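Please look over the sequence and the three-dimensional model shown here before reading the report that follows.

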Amino acid sequence: MKTLTADRRMIKIAMDAPYLERDEEHALAQAWRDNNDQEARNKIAMAHMRLVIAMAAKFRSFGLPMSDLVQEGHVGLLEAAARFEPSRDVRFSTYATWWIRASMQDYVLRNWSIVRGGTSSAQKALFFNLRRLRARLAQGDRQLTSQAMHEEIAAALGVSLADVQTMDARLSGSDASLQAPVGHGDSDGGERLDFLASEAPLPDEQVSDMIDGERARRWLHIALGELSEREMKIIRARRLSEDGATLEELGVDLGISKERVRQIETRALEKLRAALAARAPALASGIH
């Protein structure tokens, strides 16, 4: 009740504020710019608060508090007053409209949903114009399907059809908490989160895979210890390196023929298979 009374008082004060003549507006803006006259800036802002209130009314359809919209618009109004250049041949109301609208739009995008949307200029235009365009198309003589309507909106705003469909679905619904109970009455039907399927392995499977991986690495390390220094060098260069050295490159490095390198590699792989066969048959079969 107190909030409603305060809102009405604020609206009344704004509506009672006198309009500024062009010369008076120019003089106040000049005083603010040249002398940092805070009172002059505040007079300009107060004289245009009715513009903020009128614009806030246009954003009420998004379900956000009118008082919050007005406050955000007032921030934009003050920003416009601080940046206004009186030397330009334009009225302050024309200039301030852009700042007020931008401030309110940013507030709506930040608070309309817990999922942030409108991160690009095209997405922002889609968010704020989709309902208006959809209503206009629905009132026409043509009977358009949802697909055809989405295609026309996409063409009008220069966005993809998929973006229009996604945004339309978002605007048609509302946020739902994952902790919201499922079921009726006193029965414990669980929460929405309980019914979301996860593609990740179960915790016991994750632990099992981690243990198996550590065990396999340990066994492989032991098996590699059975190799000679030259065999180890060839296996590391050929099998354990991302680049994978060629037989010819290793032959030049070791001073032997590439056929001899192949023979040593084959013998080293046989040693590894034999060393792993008793401990990890599956790992041994993967060596070739």
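Is E85 buried, partly exposed or exposed by its relative accessibility? At 28% relative accessibility, E85 counts as partly exposed, where buried means under 20% relative accessible area, exposed over 50%, and partly exposed in between, with a 1.4 Å probe and protein chains only.

The structure is a predicted model, in which local features need pLDDT of at least 70 and side-chain atom pairs count only at pLDDT 80 or more, while totals for chains, interfaces and linings use all residues. Residues are numbered from 1 along each chain as its sequence is written, and side-chain values use heavy atoms, with hydrogens and water left out.

**Salt bridges**

Side chains of opposite charge can pair when their charged atoms come close. The structure holds 13 salt bridges, each defined as a side-chain nitrogen of Lys or Arg within 4 Å of a carboxyl oxygen of Asp or Glu. Three of them are set out below.

| Pair | N to O distance | Relative accessible area |
|---|---|---|
| R33 and E85 | 3.1 Å | R33 39%, E85 28% |
| E39 and K43 | 4.0 Å | E39 53%, K43 44% |
| K233 and D253 | 3.0 Å | K233 38%, D253 47% |

Helices are DSSP runs of H or I with at least four residues, numbered from the N terminus. In the salt bridge between R33 and E85, R33 lies in helix α2 and E85 in the loop between α5 and α6, so the pair ties together parts that are 52 residues apart in sequence. In the salt bridge of K233 with D253, distant parts of the chain are linked, with K233 in helix α11 and D253 in helix α12, 20 residues apart. Salt bridges that share partners also join R33, D34 and E85 into one network.

A nonpolar core is a set of buried Ala, Val, Leu, Ile, Met, Phe, Trp, Tyr and Cys residues joined through side-chain atoms within 4.5 Å. The largest such core has 44 residues, and those with the most contacts inside it are F59, L77, F92, V108 and F127. At least two residues of this core are supplied by each of α2, α3, α4 (49-58), α5 (66-83), α6, α7 (121-138), α8 (146-157) and α9 (161-172). Its largest share, eight residues, comes from α6. A second, separate core has ten residues, among them A223, L224, L227 and M232.

Helix α6 (residues 92-111) has 20 residues and reaches 29 Å from its first C-alpha to its last, close to the 28 Å expected at 1.5 Å a residue, a value taken as 1.5 Å times one less than the number of residues. Its buried residues include F92, Y95, I100, S103, M104 and V108. Of these, S103 has a relative accessible area of 13% and, leaving aside neighbours within four places in sequence, is in contact (heavy atoms within 4.5 Å) with E72, G73, V75 and G76.

In the loop between α6 and α7 lies W112, which counts as buried at 18% relative accessibility. The C-alpha atoms of W112 and G63, 49 residues apart along the chain, are separated by 7.7 Å.

**Helices α10 and α11**

The buried residues of helix α11 (residues 229-238) are E231, M232, I234, I235 and A237, and what covers them includes α10, α12 (247-254) and α13 (258-277). In helix α10 (residues 203-224) is V207, which is partly exposed at a relative accessible area of 43%. Together with M210 and I211, V207 makes a nonpolar surface patch of about 250 Å². Patches are made of residues with over 30% relative accessible area and no salt bridge, nonpolar side chains (Val, Leu, Ile, Met, Phe, Trp, Tyr) being joined within 5 Å and like charges within 9 Å, and accessible areas come from the Shrake-Rupley method with a 1.4 Å probe, only the protein chains shown counting as cover for residues.

**A backbone exception**

Most residues other than glycine have a negative phi. N36, in the loop between α2 (22-35) and α3 (38-47), has a positive phi of about 55 degrees although it is not a glycine.
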